[in-house]
Amino acid sequence: MFYRENGQFKTSYRADSQIFPIRQDQIAVALLLLIAIVGVPLFASEYLFRAILIPFLILSLAAVGLNVLVGYCGQISLGTGAFMAVGAYAAYNFHVRIEGMPLIASLLLGGLCSTLVGVLFGIPSLRIKGLYLAVATLAAQFFCDWAFLRIKWFTHDSPSGNVSVSGLQLMGYSIDSPVQKYLFCLGFVLVFALLTKNLVRSAIGREWMAMRDMDVAAAVIGIRPVYAKLSAFAVSSFIVGVAGALWGFVHLSSWEPAAFSIDRSFQLLFMVIIGGLGSVMGSFFGAAFIIILPIMLGQIPHWFGLPIQTETASHLEFMIFGALIVFFLIVEPHGIARLWSTAKEKLRLWPFPH
């Protein structure tokens, strides 16, 4: 009975079309933000920040960017790891080659460079789609892996191909501790998630969804496929590029091209599929599922005191993880976000059956 809209009247279009139209949702989101901003920095351990929270935030941001392209516009991409790498290496070059470059400016410029590369490899989407487009974006992954491994300019002439960033500062304040890195990433995630949510609710977002549902019908009613598809690639690549820069600067601090391999692309695609296509919140659900579940599976044998060797536990983790993904996709192919929305609808009608 606590999740009802009784007495909550909408007297304007703005009130009816807001992101959280129900007061209970607004209170829940405010409490969640309060916990994330105040509670977590006070009580979380250093291991929790480094192993779970910071990777969760950055990969959630990358999943939001990929969801723009795959979930809202319907364009399959297997080159997300490449766009993350472009953002990371471009931000690194801006940071080390230009004296006094602000940290946020380096990250955003890295996302801008990723946008240019994403639009370039998104041009084939104007003529091909489906599996053929997936292969075209996969070519971007292999090309970027080769470029960052062989062309020494991208790594600032590093002989090993390994680059590192240290002494991060924001407006004169150092970002060294796990709490500071967590809050820095959280700020980026909140801003980009809000911008993305508003963007997909706008006219361009409706154009993306029209192209996803039926591109021929969308073109008939006046939507320009060139603008819709390339804008989706641009926005997606920009967000993914910023996430890649955060992954390199904040989480890794020192990385090589293998940090953005094709495994990263598949990981992000699984996040979007499991969390829910066409849902910003689903990106966070998918990231939590992908990051937290393997850690829990690795700890279960220790909780029950089972004498399992490390190699066996590693293989069992992959087997159980894969089985759970397949099972979940069969039970609910629309992702965790669909389960969440269904539960909310049932709460709004409970205890009535209709």
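These are my notebook entries on what I looked up in this predicted model.

**Entry 1: aromatic pairs**

I began with the rings. A search of the whole structure turned up 15 aromatic pairs. I picked Tyr92 and Trp255 to look at. Their ring centres sit 6.1 Å apart and their planes make an angle of 80°, so I wrote the pair down as edge-to-face.

Where do Tyr92 and Trp255 lie? Tyr92 is in helix α4 (residues 80-97) and Trp255 is in strand β4 (residues 254-255), so the pair ties together parts that are 163 residues apart in sequence.

Then I checked burial. Tyr92 has a relative accessible area of 7%, so I noted it as buried. Trp255 is buried as well, at 2%.

Trp255 has another ring to pair with. The centres of Phe249 and Trp255 are 6.1 Å apart and the planes are at 35°, so this pair goes down as tilted. Phe249 is buried, with a relative accessible area of 1%.

I also wanted to know which residues form one aromatic cluster with these. The cluster consists of Tyr89, Tyr92, Phe148, Trp153, Phe154, Phe249 and Trp255.

One more ring note concerns a charge. Arg224 lies over the face of Tyr227, at 4.9 Å from the ring centre.

**Entry 2: salt bridges**

Next I turned to charges. Side chains of opposite charge can pair when their charged atoms come close. How many salt bridges does the count come to? I got four, and I followed up some of them.

Lys344 and Asp25 meet through their side chains, with 3.4 Å from N to O. This pair links distant parts of the chain: Lys344 belongs to helix α14 (residues 336-349) and Asp25 to helix α2 (residues 23-43), 319 residues apart. Lys344 counts as partly exposed, at 24% relative accessibility. Asp25 is at 12%, so it counts as buried, the cut-off being under 20%.

Glu46 and Arg50 also form a salt bridge, at 2.9 Å from N to O. Both are in helix α3 (residues 46-72), four residues apart, which is about one turn of the helix. Glu46 is partly exposed at 47% relative accessibility, and Arg50 is partly exposed at 41%.

Arg212 is partly exposed, at 33%, whereas Asp213 is exposed, at 57%.

**Entry 3: the nonpolar cores**

Which residues have the most contacts inside the largest nonpolar core? They are Tyr182, Leu246, Phe249 and Trp255, in a core of 69 residues. Phe249 and Trp255 were already in my notes as members of the aromatic cluster. Helix α3 gives the most to this core, with twelve residues.

I zoomed in on Tyr182. Leaving out residues up to four places away in sequence, Tyr182 touches Ala36, Val40, Pro41, Phe49, Leu53, Ile54 and Leu57.

There is also a second, separate core of 18 residues. Among its members are Val68, Cys73, Ala193 and Ile204.

Helix α6 (residues 131-150) has 20 residues. From first C-alpha to last, α6 reaches 29 Å, close to the 28 Å expected at 1.5 Å a residue. I listed its buried residues, including Leu133, Leu138, Gln141, Cys144 and Phe148. What do the buried residues of α6 pack against? My list reads α4, α5 (103-122), α10 (225-252) and α11 (262-275).

Since α4 came up again, I went back to it. Helix α4 has 18 residues and reaches 26 Å from its first C-alpha to its last, close to the 26 Å expected. Of the 18 residues of α4, 14 are buried, so the helix is largely enclosed by the rest of the structure. Tyr92, from my opening pair, lies in this helix.

**Entry 4: a last look at α13**

I finished with Leu329, which lies in helix α13 (residues 310-331). Leu329 is partly exposed, with a relative accessible area of 30%. I also checked the spacing from Leu329 to Phe318, eleven residues away along the chain. Their C-alpha atoms are separated by 17 Å.

Conventions: Residues numbered from 1 in each chain as written. Predicted model: local features only at pLDDT ≥ 70, side-chain atom pairs only at ≥ 80, totals over all residues. Heavy atoms only, no water. Phe/Tyr/Trp six-rings, centres within 6.5 Å; stacked < 30°, edge-to-face > 60°. Helix = DSSP H or I, 4+ residues; strand = E, 2+ residues; numbered from the N terminus. Buried < 20%, exposed > 50% of the residue type's maximum accessible area, 1.4 Å probe, protein only. Lys NZ or Arg CZ within 6 Å of the ring centre and 35° of its normal. Core = buried A, V, L, I, M, F, W, Y, C linked by side-chain atoms within 4.5 Å. Contact = heavy atoms within 4.5 Å. Expected span 1.5 Å × (residues − 1).
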